[in-house]
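Student: I am new to this structure and would like to learn how to read its features one at a time. Could you take me through them slowly, giving the general idea before each case?

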Amino acid sequence: MEHIVIIGNGISGVTTARHIRKLSDKKITIVSAETDYFFSRTALMYIYMGHMKFEHTQPYENWFWEKNRIELKKGYVKTVETTSKTLHFADGDTLQYDKLVVATGSKPNKFGWPGQDLEGVMGMYHKQDLDKLEEHAPNNKVCKHAVIVGGGLIGIELAEMLNSRSIPVTFLVREDSFWNGVLPNGESEMINRHIKNHHIDLRLSTNLKEIRSDENGNVKSVIIEETGEEIECNVVGLTAGVSPNIDFIKDSEIETGRGVKVNRFLETNIKDVYAIGDCAEQHEAIGNRRPIEAVWYTGRMMGETLAQTICGNRMQYNPGHWFNSAKFMDIEYQTYGWVFSERSKQDNEAHFHWKHEDDTKCITVAYDKNTSKFLGINTFGIRMRHDVFDRWLTEKRDVDYVMNNLTEANFDPEFYSHYEAEILSAYNQELQTA
Amino acid sequence: MSNKLNHSMSLAKPDALDITTKQKVALAIGIAGLFILTLALLNTDFPNKGLFLSLSLGLITVGTILYSREAYLTKLEGIKNDGQWFKSDSSRGVWGWVLGIILTGFYIVLYFFEELLGLGQGINGTNTGLISLFDPLSQLLSGRPASQWFVYGTLYTVAILAFGYKFMLKYRHNKYQQLRTGSVMFFQLGFAFLIPEFMYRMNSDLPYYDLKNMWPLNYYNFEQYRVDSFINNGNIGMALLILGVASIFIISPFLTYKYGKRWYCSWVCGCGGLAETAGDSFRHLSSKKMSAWKLERWLIHTVLVFSVVMTTAVIYTYLGYDPDKYWLTREVFLISIGAFLTIVFAVIMIFKRNELGKDAKFGAIGYFVVIGLLIAMHFTGTTEQVFFIKAGALKSAYGFYIGSIFSGVIGTGFYPILGNRAWCRFGCPMAGILGFQQRMFSKFRITTNGGQCISCGNCSNSCEMGIDVRHYAQKGENIVRSSCVGCGICSAVCPRGVLKLENDSMKGRINPTEVLLGNDLDLMELVNQK
């Protein structure tokens, strides 16, 4: 019986395993050094905030794996020997595979800051990071102040986490507005204000120079690059993005760049070795996507696709229309299609932006200014239907159609106020004056 | 490493999640109100009972209101679940158990030892103790002294109103939650509490009737004494009797078809009302295990069959034999029940058998055979008693085990241990019927938003009915479950906007998918086809 070994028990690896089991009788082993069972990484924050316990972040009960004959092995893979198809573990153990799937995800970026390895400095990615945070920041007596470095999705989540335990937070963001490499200005600025409304000390255009230590090797303070200001703190969260977690592969035959290099079939340069999820890097980016897509949904899609290939139905990774979502403190965000920030948008991309007066809801609709084709939408504080936008993008609808039919896409709970009329009249007005 | 399971019993926990000074004051005010009740329970004879009762209920209400305002209005609108698994009272900690034991004790006394509350213990059978404290209010409303049920009803109503206010503040950004809570507060205060008292004042021969409380939740509605007094009270009585029957066969099926069982369970019902308001802090404690779901399916349907059998037997005993005196004889009645059950059974098996799980099929067939056999035995046998057992014995067994122990002592007393909907989930026969219909014939579902789920588990965690909502959401599948009471909290807490409660057409309501929206269209078709 063919033995499929998957390194990594995140969404990509587990999706692959589940679909292989649905399609075949192959022997499946999932290897992880992080946890015994699959959990939802995106839910780690809710454990610290006390909304859930760790067990609630596990989508499958523990009996699920044995029942579906998916073997779980806890261990850290040190090296991969592709000629003999053998994994060598840190504890000396070995494991033979017939087909290998690398799905090891990401690790937090560290940019060589002085003091970045001190006690009390941590990312917020692995289960172990959460344990460390619980140790260093159980309450605002032990952790009197925390500094977060890096203004992305994980940074703002970490800020929300610390805020839930009344720990004062200083949030250092390199850009001149929160996440404005991705978000258009109107949205980014609304989130700036929302962060400040939560009494978080948001510092824009601010870089970290160094982290200072006390006599015991613990974090004592950080120094700001621009001003030289020293901020006393007990915890420093490094959330300046992530990169593929593939150090153990670097010495093997498998080709790597920033991630594990794969073709559209998610195959590496070595036969029977595949890579999916955050750690995979496409030779050439697909459409407007990045070569490395470190997103929950793309990891799942790659897993769904690869399972087909492994079970004999060789298939390209061919994602549909882009979508994503996040939550910034109390404001939900969804995106369908492509809406680029001012920094990265192309000449033909025009935006219509509407913001509600309460400063917690807004949308940005991107369209082609030459052809009026609808390109995508960002929506904040208003839920929209995925299938409706997916269909409109496939049908290549123009922006007028989308704006006139926005009600069809609304996904807010019943009895919520609707803003489509207001949005449409703002849109009509803007186009007339433009 | 376990996360913060170091429960502290100290009111001044060394913890950032500690309550504020204002909240401590509010807590003290509320406890002062409870203290008056405790004194009354210990037979303190207050001089001006009306004043002290108002003071007590007022302090409890004001304390809850102040506490809630400090908890929620000091923060921005949004989801307010911080620390719910850390706090001792809401995570089966010491305080949770203490609260559970106090509530359980209260229910045991209420149901079985009403004399301890002071019912009729005074001179000439007047009330003493806690019940006497409530006499002035009862006299005011209906002109009679209080009973233990009046005391219970009053406290129940105060709890729903005060904690309903708290819930509305907690979800002040969510219109659905606000309206729903306003609805349960209205139905409790008006229908369950005030109207029955006023009805008594207008016509004291009518039985106590909470108009929205329908059979089989109101399992005693068709007992002889009630039916007699309905019939003997002219048009109003007949109207009430007709309402009771219409509720079962017309009103509730229609509303459940259109809106799902939520129209009752989380908008109208009194048990649901208490669970959604005072019980809200315990909703995450319900078990989401597969094994709990299996137990639930057997238990709730067994209770339902029990209630049908019991009610049939009770009605049977007071019907006559002679069709010349009244058309509804014992025989006609039993044949009608048998025919009705057969029709329901046949319709399900013909049109909906593909939607039934294997055990549901066995269960349905098994129960149907049992009921059919028992009725057949009646017609062939000689026994005077339907189902071999005396109807009276069935009735008191049901009243004791289901009506008192299950719904009261366990259902509410165990809030801090089993979650706030243990009765609704495992026991309520009404929920069983409505749920059956919701699963088979209703426009209601929780729609899953394409591929947006991140499997975080907030939805499952906050489901008071123990539905593993995530199991469906992460597959892109709509949630169509008989137990769902439509409280809408899963949708509220979802951080990615994945869930929406809605009424739409029956077609395509149940939509299992293998590959989710967002992936290659060909792959989706290939995999989802089979």
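Tutor: Let us begin with a pair of helices, where helices (H or I, at least four residues) and strands (E, at least two) are DSSP runs numbered from the N terminus. Helix 12 (residues 290–318) of chain B packs against helix 18 (residues 429–440) of chain B at an angle of about 110°, and their axes are 8 Å apart. This is a predicted model, in which local features need pLDDT of at least 70 and side-chain atom pairs count only at pLDDT 80 or more, while totals for chains, interfaces and linings use all residues. Residues are numbered from 1 along each chain as its sequence is written, and chains are lettered from A and ligands numbered from 1 in the order in which they are written.

Student: How are helix 12 of chain B and helix 18 of chain B oriented to each other?

Tutor: Axes are lines fitted to C-alpha atoms, for helices over the stretch in contact, and angles run from 0 to 180 degrees between N-to-C directions. Angles under 35 degrees count as roughly parallel, over 145 as roughly antiparallel, 65 to 115 as roughly perpendicular and the rest as oblique. Helix 12 of chain B and helix 18 of chain B are therefore roughly perpendicular. In their contact (C-beta atoms, placed from the backbone, within 7 Å), helix 12 of chain B supplies I300(B), H301(B), V303(B), L304(B) and S307(B), and helix 18 of chain B supplies P429(B), A431(B), G432(B) and I433(B). These residues divide into 6 nonpolar, 3 polar and no charged, where Ala, Val, Leu, Ile, Met, Phe, Trp, Tyr, Cys and Pro count as nonpolar, Asp, Glu, Lys and Arg as charged, and the others, Gly among them, as polar.

Student: How many residues does each chain give to the contact between chain B and chain A?

Tutor: Chain B gives 48 residues and chain A gives 52 residues. On the side of chain B, the elements that give two or more residues are helix 7 (175–202), helix 19 (458–462), strand 2 (499–503) and helix 22 (521–529). By class, that side of chain B has 18 nonpolar, 20 polar and 10 charged residues.

Student: Is L266(A) buried or exposed?

Tutor: A residue is buried if 20 or more other C-beta atoms, placed from the backbone, lie within 10 Å of its own, exposed if 12 or fewer, and partly exposed in between. L266(A) has 26 other C-beta atoms within 10 Å and is therefore buried. L266(A) sits in the loop between strand 18 (260–262) and strand 19 (273–275) of chain A, and its phi is near 65°, a positive value in a residue other than glycine.

Student: Where is F415(A)?

Tutor: F415(A) is in the loop between helix 10 (406–409) and helix 11 (420–433) of chain A. F415(A) is not a glycine, although its phi is positive at about 75°. With 13 other C-beta atoms within 10 Å, F415(A) is partly exposed.

Key. Two residues are in contact if their C-beta atoms, placed from the backbone, lie within 7 Å.
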